[in-house]
Amino acid sequence: METKLKIAIQKSGRLNEDSIKILKEAGIEFNNGLNKLKADAINFPLEVFFLRDDDIPQYVEDGVADIGIVGENVLEEKSKKVKIQNKLGFGKCRLSIAIEKNQKYKGVLDLKGKRIATSYPTILAKYLKKNKITAEIHEISGSVEIAPSIGLADAICDLVSSGSTLFANGLKEAEVIFKSEAVLISNSKLDKAKQKTLDQLLFRINAVKKAKNNKYILLNAPNNKLDAICKVLPGMKSTTIVPLAEKGWSSVHSVVNENDFWDIIEQLKENGAQGILVVPIEKMIL
Ligand code: PRT
Ligand code: ZN
């Protein structure tokens, strides 16, 4: 009987949907409902456990789950012995120290002697120690952002993504102390069979991630501009040129990285490209 790889993902919350999505994009389908505690994949040797995110590092360290998806912030705070296999590109946020908006702030030394409320005492303590700051850490488990307004603390250390929660509570970001995104973690001693299944899963996830960062471009170009246009496009190997029915024109196809995308489009237009089509790529296997 084949051994199934067990993956732990968040039961509900910010990482739940994207964790399921990345598995589905990797071609994995589930038969029983995804809102139970466990689900089985029907076309891949994978079993999903749904857990609170805080428990995932421990389950993976103990081997109750073989792999898991969790925020780097949780992983760093819990400091468990697991391997980070892959950054997944979602759940991006930062752990920041914030103070009341009308307070003056010149630098990290201003935190000396302050009372800082947080659910991340370990990461905060490490940061303060590194900067040789003595401050009081108040560990609280939720609603951290109201601590200054009720007189419980002078500052907070909490996760921020858009910054609107800080703004709504009259706070401003003073220091970013940790940057985080969702990561795929694994138990440090997987047996051969499970390692093989994990490698297959990682291969698929990487193909999906790569595709998300790239776009497929099709355009028409006059033949006398082809040289200039090909110079703008990355790597000759990924560029295809096909003659069009209309004499003197060709169709050019290429793959472009999202980061360079707008720059390249501008340069293509300047070099006489017409009818530019940009198409999303589903998977990239190179
Ligand atoms: O029930 P369970 O314990 O599983 O969930 P949870 O309530 O502990 O976690 P959840 O679902 O809130 O977050 C899960 C993970 O998502 C976190 O560990 C981070 O890795 C990641 N993440 C990304 C965030 C945010 N962005 C985020 N903005 N987690 C929390 N927030 C909160 C933050 O604490 C603050 O209250 O959102 C608020 C700030 O958001 P902005 O957009 O107003 O700045
Ligand atoms: Zn949690």
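## The surroundings of D66

In this predicted model, D66 is in contact (heavy atoms within 4.5 Å) with K4, L5, K6, V60, I185, S186, N187, L190 and K194, leaving aside its neighbours within four places in sequence. D66 is placed in the loop between α2 and β4 (67–71). Helices (H or I, at least four residues) and strands (E, at least two) are DSSP runs, numbered from the N terminus.

With a relative accessibility of 5%, D66 counts as buried. Buried means under 20% relative accessible area, exposed over 50%, and partly exposed in between, with a 1.4 Å probe and protein chains only. The side chain of D66 reaches the backbone nitrogen of K6 at 2.7 Å.

## Basis of the model

Residues are numbered from 1 along each chain as its sequence is written, and chains are lettered from A and ligands numbered from 1 in the order in which they are written. Because this is a predicted model, local features need pLDDT of at least 70 and side-chain atom pairs count only at pLDDT 80 or more, while totals for chains, interfaces and linings use all residues; side-chain values use heavy atoms, with hydrogens and water left out.

## The nonpolar cores

A nonpolar core is a set of buried Ala, Val, Leu, Ile, Met, Phe, Trp, Tyr and Cys residues joined through side-chain atoms within 4.5 Å. In soluble globular proteins, nonpolar side chains tend to be buried together. The largest nonpolar core here has 28 residues, of which I97, I177 and I185 touch the most other members. Two or more residues of this core come from each of β3 (46–51), α2 (56–62), α3 (72–78), β6 (93–100), α4 (121–130), β9 (155–160), β10 (171–180) and β11 (182–186). The most is given by α4, with four residues.

Not counting residues up to four places away in sequence, I97 touches L111, L124, Y127, A155, I156, C157, K172, E173, A174, E175 and I177.

## Helix α4 and Y127

The buried residues of α4 are P121, I123, L124, Y127 and L128. These residues lie on the same side of α4, because they cover an arc of only 165 degrees around the axis; the arc is that of the directions from the helix axis to the C-beta atoms. On the other side of α4, K129 and K130 are exposed. The buried residues of the helix pack against α3, β6, β7 (115–118), β8 (136–139), β9 and β10. K132, which follows α4, has a positive phi, near 55 degrees.

Y127, in helix α4, is buried, with a relative accessible area of 12%. Leaving aside neighbours within four places in sequence, Y127 is in contact with I97, V108, E175 and I177. Y127 and I177 are 50 residues apart in sequence, and their C-alpha atoms are 6.9 Å apart in space. The side chains of Y127 and E175 are joined by a polar contact of 3.4 Å. Such a contact is a pair of N or O atoms within 3.5 Å; within protein, one must be able to donate a hydrogen and the other to accept it, and residues adjacent in sequence count only if both atoms are side-chain atoms.

In helix α8 (residues 261–270), the buried residues are F261, I264, I265 and L268. Their arc around the axis is only 100 degrees, so they are on the same side of α8. The face turned away from this buried side carries the exposed residues W262, D263 and E270. The cover over the buried residues of α8 includes β12 (214–222), α7 (226–232), β14 (249–257) and β15 (274–280). Just after α8, G272 takes a positive phi of about 90 degrees.

One aromatic pair is found in a search of the whole structure. F261 and W262 form this pair, which is edge-to-face, at 4.9 Å centre to centre and 75 degrees between the planes. Rings of Phe, Tyr and Trp (its six-membered ring) pair if their centres lie within 6.5 Å; planes under 30 degrees apart count as stacked, over 60 as edge-to-face and the rest as tilted. F261 is buried, at a relative accessible area of 8%, whereas W262 is exposed, at 63%.

## Positive phi at two serines

Most residues other than glycine have a negative phi. S79, in the loop between α3 and β5 (83–87), has a positive phi of about 35 degrees although it is not a glycine. S79 counts as exposed, at 53% relative accessibility. S143, in the loop between β8 and β9, has a positive phi of about 45 degrees and counts as partly exposed, at 49% relative accessibility.
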